[in-house]
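Please work through the following exercises with the sequence and the model side by side. Each task is followed by a solution that goes step by step.

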Amino acid sequence: MKLSRPVSWFLLVFGVWSWVIWVTFVKNLIKDGSGLAFDDGRPTAYFWVHLSLAVVSFVLGTVVGFIGLRGVRALRRTS
């Protein structure tokens, strides 16, 4: 399957964007002072659910970004 140049770049940028957003989110989650993420120093269900969402998003962002990177590299070889 061949990806067009715009689609390849979109996938690559989306993968990088996903990492930037979710790394920032996890940092803020760990520093949470509102009591949602930690109760007396122990992680709450809120923390575990959102950490799980972040991990899944890291994996999906990596896969999507890798597909985009392969598309960009393939286009550069053919042009």
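Buried means under 20% relative accessible area, exposed means over 50%, and partly exposed lies in between, with a 1.4 Å probe and protein chains only. The model is a predicted one, in which local features need pLDDT of at least 70 and side-chain atom pairs count only at pLDDT 80 or more, while totals for chains, interfaces and linings use all residues. Residues are numbered from 1 along each chain as its sequence is written, and side-chain values use heavy atoms, with hydrogens and water left out.

**Exercise 1.** Describe the order of the elements and the overall spread of the protein.

*Solution.* Begin with the elements, where helices (H or I, at least four residues) and strands (E, at least two) are DSSP runs numbered from the N terminus. The protein has 2 helices and 2 strands, and from the N terminus on they run α-β-β-α. Next, compare the radius of gyration, taken over C-alpha atoms, with the globule rule of 2.2 Å times the number of residues to the power 0.38. The radius is 17 Å, well over the 12 Å that the rule gives for 79 residues, so the protein is more spread out than a compact globule. Along its principal axes, the C-alpha trace spans about 60 × 15 × 15 Å. Finally, buried residues account for 27% of the 79 residues.

**Exercise 2.** Determine how helix α1 and helix α2 pack.

*Solution.* The axes are lines fitted to C-alpha atoms over the stretch in contact, and angles run from 0 to 180 degrees between N-to-C directions. Helix α1 (residues 5-30) and helix α2 (residues 45-78) pack at about 155 degrees, with their axes 7 Å apart. That makes α1 roughly antiparallel to α2, since angles under 35 degrees count as roughly parallel, over 145 as roughly antiparallel, 65 to 115 as roughly perpendicular and the rest as oblique.

**Exercise 3.** Explain why the ring pair of W19 and F58 counts as stacked.

*Solution.* Rings of Phe, Tyr and Trp (its six-membered ring) pair if their centres lie within 6.5 Å, and planes under 30 degrees apart count as stacked, over 60 as edge-to-face and the rest as tilted. The whole structure holds 5 aromatic pairs. For W19 and F58 the ring centres are 4.5 Å apart and the planes stand at 25 degrees, so this pair is stacked. Because W19 lies in helix α1 and F58 in helix α2, the pair ties together parts that are 39 residues apart in sequence. As for accessibility, W19 is partly exposed at 37%, whereas F58 counts as buried at 17%.
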